[in-house]
Amino acid sequence: MSILLEEHLNSIVIPANLRINDQINQYRKHCAANGCHRPYHHFAFGQSPFSPPPKIIQALQDHANKHDYLPTAGLPELREVIALYYKKKFGLDCTARQIVISPGSKEMLSMLLAVLQGSIIIPSPSWVSYLPQAKILKKEVISLKLSPEDNYKLTPSNLKHGIEHTHTNQRILILNNPNNPTGAVYFEDELKALAEVCKKYNVIVISDEIYARTSFNFDEYRSMATIYPEKTIVTGGLSKDRSCGGYRLGVGVFPQKSENLVDDILKIAGSTYSCVAAPIQYAGLVAYSMDEDIESYMDDCANIHSLVGQKTADLLSEIPGVKATAPRGAFYSFVDFNEYRDNFLQLGFKTCSDFCEHLIAVEHTALLPGESLLLLEDEFAVRVSYVDYDGNKLLETWKKDQPSNSQTEDEFFTQNCPLIEEGIKNINRYIDQIKNMKKPEHI
Ligand SMILES: Cc1ncc(COP(=O)(O)O)c(C=O)c1O
């Protein structure tokens with residue numbers, strides 16, 4: 001007898017970023033082994049290119065002998081340190097009781113969607129995983145299309161429009177700031193305007209701030225929880241700013257007086273993963289200790305992202321008809337190729353993935369197609385992750401000789417990010433030749 005599976009999972013696919021990352025890693029290995037020395041240019045995967053700060057690595061090594069199960073919410077002293085971190089660095093009024101840790105913020109996001117009642121409002125373009133998470137939980141999703149005129153930021157009127165389409169008394173808004181895939185960062189007045197709408201229409205905000213500490217101007221950064229503290233849950237962790245994606249330490253910062261919500265999260269956490277791995281919880285104590293070296297590591301990395309992001313967006317925008325967002329945080333630019341829509345359709349590309357597959361085949365250059373960003377499949381817009389470089393080498397060079405003007409910045413980029421610069425040239429050549437291209441055989 002065949003194995004019967006839940007049908008609602010049929011509409012979910014393996015995340016395209018993971019699939020394309022595997023594909024490019026395989027190609028890089030096999031092509032070189034078979035004598036093809038044309039490099040691959042990988043813009044499809046969003047992982048910090050740096051090694052974690054040495055003190056965090058050391059702390060993890062030092063605590064490899066910690067093997068007991070720990071409390072589900074996290075080590076009390078870790079929750080203490082994290083609360084202090086959010087208080088000092090983000091101005092959040094919180095105590096350890098409002099902190100719960102999880103194996104990555106992805107898990108925290110998924111648990112939040114599971115326990116909170118109501119329709120889920122997801123602005124699009126969006127990060128790859130919100131929609132599949134909601135689908136797994138069979139939740140109603142309202143997707144809100146953001147506009148380039150608003151720099152792809154959610155506006156109060158757009159939010160109101162989304163709320164009108166919900167069928168529940170309570171709604172959940174997922175606000176990702178800084179944003180993956182656009183690199184946008186919300187200003188304080190923009191958050192205040194959104195908070196007004198949220199108050200009026202009973203909207204709970206899940207503020208995904210996993211990239212907060214990568215903001216290019218962190219002094220200006222405001223967390224939604226400082227503006228709408230009563231109903232904002234912040235998610236964060238070590239993955240992006242401290243380059244510890246594989247360590248799997250995420251954080252949820254809950255509102256005051258939300259004990260019932262925290263209790264429900266702990267019911268799921270305790271019943272599914274028990275606790276975050278003990279050694280990483282001890283390493284987390286160091287990661288959140290406001291250690292000067294770790295803080296300046298994060299500042300350096302954010303400054304490098306800022307420089308590389310600006311150059312990447314500038315070069316992409318120089319391609320005729322192509323529009324790239326200028327990022328202010330994270331390590332992504334959202335790039336619109338819709339000007340070439342008719343050419344793509346003539347080539348037989350029905351989806352943005354068709355175009356991206358062809359670009360890999362012809363130009364060895366990988367982009368993340370819009371379908372995985374909650375766009376319609378025939379919208380030709382993609383995410384570019386500009387982290388395809390040797391992070392450790394860059395960080396070392398940066399520390400020794402920080403570029404101080406536009407000429408040295410250009411030199412820094414050209415010398416240290418050849419795969420990015422070449423990859424953009426490849427895209428430019430592809431677009432230049434698109435009118436003369438023949439329909440690919442497999443289409
Ligand atoms: C916007 C966004 N949110 C959440 C996550 C999840 O991060 P983690 O589970 O590693 O904390 C990611 C990772 O790519 C992300 O880009």
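**The ligand and its surroundings**

Reply: In this predicted model, a polar side-chain atom of D208 lies 2.6 Å from a nitrogen atom of the ligand. The protein covers 92% of the 400 Å² of accessible area that the ligand has on its own.

The ligand is surrounded by 14 residues, of which S105, D208, S239, K240 and R248 are the closest. Sorted by class, this shell holds five nonpolar, five polar and four charged residues. Helix 4 (residues 105-115) supplies the largest share of the shell, with three residues.

As for the backbone, two cis peptide bonds may be noted. One joins N177 and P178, with omega about -10°; P178 belongs to the loop between strand 5 (171-176) and helix 7 (188-200). Another joins S124 and P125, with omega about 10°, and P125 sits in the loop between strand 3 (119-124) and helix 5 (130-136).

Positive phi values also occur at residues other than glycine. S243 has a phi of about 60° and is placed in the loop between strand 7 (232-237) and strand 8 (250-253). Phi of H364 is near 55°, and H364 is found in the loop between helix 13 (352-363) and strand 11 (365-366). S243 counts as buried because its relative accessibility is 10%, under the 20% cut-off. H364, at 8% relative accessibility, likewise counts as buried.

Technical notes
Residues numbered from 1 in each chain as written. Predicted model: local features only at pLDDT ≥ 70, side-chain atom pairs only at ≥ 80, totals over all residues. Heavy atoms only, no water. Near = heavy atom within 4 Å. Polar contact = N/O pair within 3.5 Å; in protein donor to acceptor, adjacent residues only side chain to side chain. Areas by Shrake-Rupley, 256 points an atom, 1.4 Å probe, with all protein chains shown as cover. Helix = DSSP H or I, 4+ residues; strand = E, 2+ residues; numbered from the N terminus. Nonpolar A, V, L, I, M, F, W, Y, C, P; charged D, E, K, R; others polar. Buried < 20%, exposed > 50% of the residue type's maximum accessible area, 1.4 Å probe, protein only.
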